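Please walk me through this protein model, from its overall layout to its individual side-chain pairs. Give the cut-offs along the way.

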Amino acid sequence: MQLLPGKQCFPILPISFEVAQFKADVEEELTVFKKTNMLGFMLSMSDLMIWGKSEGIPFGPSRGSVAGSRCAFVTDIIDVDPARWNLVFSRFCNENRVEI
């Protein structure tokens, strides 16, 4: 995985996290992404954001309901810490949602 200059090799965990809850939230998100066939999309968005930031392209901290995704946070898609702000993942994606 390509990292931004000055970025640590391991994602920085949110300030307000509790390890067990954070891990459970990420596992739940990954299960939903698998069931909705969004894993490839999320990985592509991560690659795009990392590339864009390394090229100096400005992005906002997040847009819309994706701010509730812990996976988006740790893969550099968004800069908003969803755990810190108690944001809800299911507003972005859930098993019953047909499109994003």
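Predicted model: local features only at pLDDT ≥ 70, side-chain atom pairs only at ≥ 80, totals over all residues.

Residues are numbered from 1 along each chain as its sequence is written, and side-chain values use heavy atoms, with hydrogens and water left out.

The protein chain contains three helices and zero strands, in the order α-α-α from the N terminus. Helices (H or I, at least four residues) and strands (E, at least two) are DSSP runs, numbered from the N terminus. The chain has 100 residues, and 33% of them count as buried. Buried stands for under 20% relative accessible area, exposed for over 50%, and partly exposed for the range in between (1.4 Å probe, protein chains only). A contact requires heavy atoms within 4.5 Å. Of the contacts between residues at least 6 apart in sequence, 59% join residues at least 24 apart.

The largest nonpolar core has 16 residues, and F33, M42, F92 and C93 touch the most other members. Helices α1 (19–35), α2 and α3 each supply at least two residues of this core, and the largest share, four residues, comes from α1. Such a core is a set of buried Ala, Val, Leu, Ile, Met, Phe, Trp, Tyr and Cys residues joined through side-chain atoms within 4.5 Å. Not counting residues up to four places away in sequence, F33 touches M38, L39, M42, S69, C71, F89, F92 and C93.

S69 sits in the loop between α2 (39–54) and α3 (70–74). S69 counts as buried because its relative accessibility is 0%. Leaving aside neighbours within four places in sequence, S69 is in contact with E29, F33, M42, I78, P82, F89 and F92.

L48, W51, I57 and F59 make a nonpolar surface patch of about 370 Å². Patch residues have over 30% relative accessible area and no salt bridge; like charges are joined within 9 Å, and nonpolar side chains (Val, Leu, Ile, Met, Phe, Trp, Tyr) within 5 Å. I57 lies in the loop between α2 and α3 and is partly exposed, with a relative accessible area of 35%.

The structure holds two salt bridges, each being a side-chain nitrogen of Lys or Arg within 4 Å of a carboxyl oxygen of Asp or Glu. D25 pairs with R70, the closest N and O atoms being 3.3 Å apart. This pair links D25 in helix α1 with R70 in helix α3, 45 residues apart. D25 is buried at a relative accessible area of 16%, and R70 is buried at 9%. In the other bridge, D79 pairs with K53, with the closest N and O atoms 3.1 Å apart. D79 is in the segment after α3 and K53 in helix α2, 26 residues apart. D79 counts as partly exposed at 45% relative accessibility, as does K53 at 22%.

D81 also lies in the segment after α3 and is buried, with a relative accessible area of 9%. The side chain of D81 reaches the backbone nitrogen of A83 at 3.0 Å and that of R84 at 3.0 Å.

Conventions
Areas by Shrake-Rupley, 256 points an atom, 1.4 Å probe, with all protein chains shown as cover. Polar contact = N/O pair within 3.5 Å; in protein donor to acceptor, adjacent residues only side chain to side chain.
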